[in-house]
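Thanks for coming, everyone. Please look at the model on the screen.

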Amino acid sequence: MSAELIAEIRAADLFLISTPMYNFTVPAVLKSWIDYMVRPGFTFSLAPGWPGMLENKKARLIVVSRDSYIPGEPSEAADLVTPVLRKVLDFMGIHDVDVVRAGSSLAANLGKVRIDDHLAKYEADVAALAKV
Ligand SMILES: Cc1cc2nc3c(=O)[nH]c(=O)nc-3n(C[C@H](O)[C@H](O)[C@H](O)COP(=O)(O)O)c2cc1C
């Protein structure tokens, strides 16, 4: 399983992780993917400094949540998805990482905001992610 997942990522130059936030962190299935991916001798080296072994790759992240976790504001501290993904990718040698945090879906779920209007807020950011 681990070897197959690592082979998949080795074959890609660019990959997209699109995930919901569950209880401030990544869903268990994404954590499981991380645990299969971060592997000595495959994605990071045991040489001094533990250098990452995945080179020349880019990652794009879309993190979706009910509440807003705004960069630079106190709410950002409760977003444990983005820092974990950034750290893990960096550890494996992937430093070119862009993130869109698509938060605040609650108002749309309650019908207070039209879903199209909610999604429209993130269209430009997601389109910018695609320009690599
Ligand atoms: C088990 C579970 C835990 C969740 N925990 C959080 C959370 O900690 N913070 C948050 O903002 N949203 C949380 N959510 C909301 C999800 O992030 C949200 O449902 C998901 O991004 C999809 O958006 P949608 O429900 O508007 O389609 C949680 C949802 C579930 C099912």
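Some ground rules. This is a predicted model: local features need pLDDT of at least 70, side-chain atom pairs count only at pLDDT 80 or more, and totals for chains, interfaces and linings use all residues. Residues are numbered from 1 along each chain as its sequence is written, and side-chain values use heavy atoms, with hydrogens and water left out.

Now the shell. Among the residues surrounding the ligand are Pro20, Phe24, Arg66, Asp67, Tyr69 and Asn109.

Next, polar pairs, meaning N or O atoms within 3.5 Å. A ligand oxygen is 2.9 Å from a polar backbone atom of Phe24. A ligand oxygen also sits 2.9 Å from a polar backbone atom of Asp67. At Tyr69, a side-chain N or O atom is 2.9 Å from a ligand nitrogen. Taken alone, the ligand exposes 610 Å², and the protein buries 66% of that (Shrake-Rupley, 1.4 Å probe).

On to helix α3, residues 81-91. Helices are DSSP runs of H or I, at least four residues; strands are E, at least two. Which residues of α3 are buried, that is, under 20% relative accessible area with a 1.4 Å probe, protein chains only? Val81, Thr82, Leu85, Val88 and Leu89. They cover an arc of only 140° around the axis, so they lie on the same side of α3. The arc uses directions from the helix axis to the C-beta atoms. These buried residues pack against β1, α2, β2 and β3, with contact meaning heavy atoms within 4.5 Å.

Technical notes:
Near = heavy atom within 4 Å. Polar contact = N/O pair within 3.5 Å; in protein donor to acceptor, adjacent residues only side chain to side chain. Buried < 20%, exposed > 50% of the residue type's maximum accessible area, 1.4 Å probe, protein only.
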